[in-house]
Each structure stands twice: as structure tokens, then as C-alpha cells.
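Please read the following report with the sequence and the three-dimensional view side by side, and look up each residue as its name comes up.

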Amino acid sequence: MAKSSTLLLCLSVFIFIITESSLAQTCSNYQFSSNSLFESCNDLPVLDSFLHYTYDSSSGNLQVAYRHNNLSPGKWVAWAVNPTSTGMVGAQAIVAYPISDGTVRAYTSPISSYQTSLQEGELSFNVSELSATYQNNEMIVFATLSLPLTNGGNINTVWQDGSLSGNSLLPHPTSGSNIRSVSTLNLISGTSASTSGGGAGDSKLKNAIWGIMMPIGAIIARYLRVSKSAGPAWFYLHVTCQASAYIIGVAGWGTGIKLGSESEGIQFSTHRAIGIALFCLATVQVFAMFLRPKPEHKYRLYWNIYHHTVGYTVIVLAVVNIFKGLDILNPEKQWRNAYTAIIVTLGLVAAVLEGFTWYVVIKRGKAEESSKTSQLGNGGRSQYA
């Protein structure tokens with residue numbers, strides 16, 4: 001039976017690695033090669049972009065590092081603050097692109113119309129310490145902006161990328177992610193909200209973790225318990241996973257976001273309604289654990305039926321709700337795709353373990369039946385000896 005424990009341990013490690021690689025690519029985990037440090041960061045919802053920043057309210061200086069990943073050669077990037085509106089026109093941009101001698105050019109460009117070619121020019125506020133690096137398909141633009149705090153600390157930001165023709169910048173695409181790369185950032189709280197239906201911060205997306213721990217907890221309870229060598233450890237692992245998922249889920253539900261458009265509001269209302277149902281069912285499930293009868297009790301069968309029914313209902317609702325939340329928060333679908341891959345992997349693991357469990361149970365049953373038959377045979381022989 002030690003083989004089953006080893007198999008489950010290996011599969012758990014495999015799932016953990018997949019989870020980490022899918023969900024850990026966030027700005028908070030990034031370390032700059034120059035050892036630069038910033039107080040806050042935001043995972044921007046589109047264009048594989050991240051913003052690291054430190055704001056000094058006393059001086060009005062905003063130190064930023066804009067990162068753009070997965071940037072193929074021959075591309076330019078831009079990050080901008082728009083002091084007057086939430087769109088492209090009026091944005092005060094910082095532009096960077098690699099040039100043929102291997103260096104990176106970074107400059108400022110005010111945008112006054114949609115027909116801009118991002119000509120170099122002075123911005124409406126002072127910019128200093130402007131530089132950029134490009135390596136491993138990642139562009140990083142550094143700058144310090146003088147931005148006196150106004151509007152409650154909110155600034156409108158825009159970011160873009162486009163192709164190059166030699167050292168000439170071509171217009172960026174006008175569909176998909178390139179028309180959703182707009183957000184409002186609060187320099188005091190550090191929160192960011194997309195003004196075009198995009199995503200919220202990284203902390204919201206990480207709440208998907210609770211929709212991973214719950215299925216893992218169920219897998220542990222379903223399959224590890226058949227191993228005699230597992231002892232009571234399977235129960236404590238099961239409870240740890242489920243309790244952690246419950247705490248993370250409640251925290252995520254309690255800190256829900258508000259979305260701007262009417263359609264998003266409807267989606268979010270549905271998302272929150274399912275969340276409330278999940279909270280109620282999961283809370284009842286937690287208290288029911290303290291009231292469970294002993295295994296030999298005559299009502300234990302009915303408690304098991306209740307426990308399994310509610311438990312699987314919670315898991316299904318949790319997975320559905322996380323998909324809904326990721327669709328609202330992340331129109332680019334990369335988080336949805338990552339979560340889909342994890343759930344499919346968990347499903348395959350459960351299918352493999354289900355077959356293995358039936359094999360173990362049937363084999364154990366045959367062994368016990370053979371042992372009983374042997375004992376009866378020996379008893380019969382001794383009676384007539």
C-alpha cells in the first residue's frame with residue numbers, strides 16, 4: 001500500500017508545480033537585475049505588462065518601471081499618463097524601442113490625436129531618469145515623473161505596443177488587447193481598475209487558488225484513505241486543504257471588486273450570488289464536521305451522504321464561480337486557460353486514482369475472502385482430525 005502513497009505524493013507534487021508555474025507569474029515575484037526596489041506593483045490586465053512604482057506624496061515624484069514581456073524583436077512599447085481623460089488622446093507617453101546597434105532608445109511623446117506617430121516632445125509634467133533595457137524578449141522602461149497628487153490620488157494610464165519598420169514606429173493594432181490597455185491607478189491605495197472591461201489586481205486572480213485546494217482535498221479524502229499506511233494522516237491533509245480553501249475563499253468573496261459597465265455589473269452580481277451560496281454551504285459543512293457521528297454510529301451513513309453531497313456541490317460551484325470571476329477580471333483569458341489546464345489535470349489525476357483505488361479495493365476484497373475461506377477450511381479439518 002506504500003505504493004499508493006508514493007503515487008499520490010508524486011501526483012501532488014506535479015499538481016503543485018503546475019499550479020505554481022501557472023499562477024506565480026506576477027509582478028510581486030519579480031526581481032530586477034539592477035536590484036531596483038519599488039513599493040507597489042500591478043499586473044496590468046492585457047499585453048503581458050506590469051507596472052512597478054513608488055510614489056512620494058510630499059515631493060509628487062512617481063518612480064516607475066514599466067515591464068512588457070513576450071515582446072518579439074522589431075516592436076516598440078509605450079506607457080503613458082493621461083492627465084485629462086481616460087483614453088489615448090491627451091496621454092503623456094514614454095516610448096522605447098530597440099535599435100540596430102543593440103541599444104534601446106527611450107524618449108517622451110505627448111499624444112494630441114489618434115493619428116500620432118509618437119514624435120518626440122516634452123510632456124506636460126517633468127520626466128527625469130529616463131532609461132530602458134531590452135533582453136530576453138522583455139522591455140523595461142524606467143522613469144521618474146513629477147505628478148502632484150490630485151483627484152484623490154487617481155491617475156489614468158495607457159500602455160501600448162506596435163511594430164517597427166527600421167527605426168520608424170508603425171501604428172499599433174486597433175483591436176483586441178490593444179484597445180483594452182487603459183486603466184485607472186490609485187497611487188495611495190495601489191489599486192488598479194480597467195476602464196475598458198479589463199482586469200483587477202493580482203490579488204483577485206490569486207483567489208483561484210481556493211478552487212484548486214478544494215478538489216485536491218477531495219482527492220486526498222477519496223483516494224489516500226484506501227492506503228492502510230496513510231493512517232489518520234489523510235484526514236488531517238483533507239481538513240487542512242478544505243479549511244485553507246474556505247479561508248481563502250471567504251477572504252476573496254469579502255473583498256470583491258466593483259466593475260464599471262452595466263454588463264459587467266450583471267456578471268459580477270451573478271458571480272457574487274454564487275459566492276454567497278458557496279459561503280453558506282461551506283460554513284454549514286465546517287460546522288457539520290464537529291457534529292459528525294462516530295464511524296460505528298447508526299446515523300453515520302446518512303451523515304456521509306450529506307457530507308459528500310454538500311462537499312461535491314461546493315467544489316462544482318467553486319470551479320464555476322472562479323471561471324466566471326476570471327472571465328470578468330481577465331478578458332485576455334490567459335488566467336482562465338491556466339485554471340482550465342489545472343482543473344483538467346486534476347480530473348485526469350482523479351480518473352487515474354479512481355481506477356487504481358478500485359483495483360486496490362477489489363484485490364484487498366479477494367485477499368480477505370481467500371483468507372476467510374482458508375480459515376474456514378482449516379477449522380473444518382481440525383474439527384474432524
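Cysteine 241 is buried, with a relative accessible area of 14%, whereas cysteine 280 is partly exposed, with a relative accessible area of 42%. A search of the whole structure finds zero disulfides, where a disulfide is a pair of cysteine sulfur atoms within 2.5 Å.

The model is a predicted one, in which local features need pLDDT of at least 70 and side-chain atom pairs count only at pLDDT 80 or more, while totals for chains, interfaces and linings use all residues. Residues are numbered from 1 along each chain as its sequence is written, and side-chain values use heavy atoms, with hydrogens and water left out.

The protein chain holds seven helices and twelve strands; these are DSSP runs numbered from the N terminus, helices being H or I with at least four residues and strands being E with at least two. Of its 385 residues, 43% count as buried. Among contacts between residues at least 6 apart in sequence, 59% join residues at least 24 apart, a contact meaning heavy atoms within 4.5 Å.

Which residues does the record mark as a binding site? The UniProt annotation "binding site", from an unreviewed entry, covers His238, His271 and His307. From this set, His238 and His307 belong to the lining of the largest pocket. UniProt positions are given in the numbering used here, feature names are shortened, and annotations may be inferred rather than shown by experiment. A pocket is found on a 1 Å grid over the protein atoms alone, as an open set of points with protein on both sides within 12 Å along at least five of seven lines, and lining residues have an atom within 4 Å of a point.

Histidine 238 is found in helix 4, residues 233-254, and histidine 307 lies in helix 6, residues 300-329. Leaving out residues up to four places away in sequence, histidine 238 touches Gly217, Ala218, Ile220, Ala221 and His307, while histidine 307, counted in this way, touches His238, Gln285 and Met289.

| Residue | Relative accessible area | Class |
|---|---|---|
| Histidine 238 | 11% | buried |
| Histidine 307 | 13% | buried |
| Glutamate 129 | 56% | exposed |
| Asparagine 137 | 38% | partly exposed |

Five strands form an open sheet in the order 1-2-3-8-7, with antiparallel pairing; two strands pair if DSSP finds at least two bridges between them. Strand 1 (40-43) and strand 7 (127-135) stand at the edges and have a single partner strand each, so one side of each is left without a neighbour in the sheet. On average, neighbouring strands of this sheet are turned by 15° against each other, direction ignored, with axes being lines fitted to C-alpha atoms.

Seven bridges join strand 7 to strand 8 (residues 138-146) in the antiparallel sense, and the bridge partner of tyrosine 134 in strand 8 is methionine 139. Most residues other than glycine have a negative phi. Glutamate 129, although not a glycine, has a positive phi of about 55° and lies in strand 7. Asparagine 137 likewise has a positive phi, of about 60°, and its place is in the loop between strand 7 and strand 8.

Is strand 11 enclosed or open? Five of the five residues of strand 11 (residues 182-186) are buried, so this strand is largely enclosed by the rest of the structure. In a regular strand the side chains alternate between the two faces of the sheet. Both faces of strand 11 are covered, with Val182, Thr184 and Asn186 buried on one side and Ser183 and Leu185 buried on the other. Strand 9 (residues 154-165) runs antiparallel to strand 11 and is joined to it by five bridges, and threonine 157 stands opposite serine 183 in strand 11.

Key:
Axes are lines fitted to C-alpha atoms, for helices over the stretch in contact, and angles run from 0 to 180 degrees between N-to-C directions. Buried means under 20% relative accessible area, exposed over 50%, partly exposed in between (1.4 Å probe, protein chains only). On a 1 Å grid over the protein atoms alone, a cavity is a set of points where a 1.4 Å probe fits but cannot get out, and a pocket is an open set with protein on both sides within 12 Å along at least five of seven lines; lining residues have an atom within 4 Å of a point.
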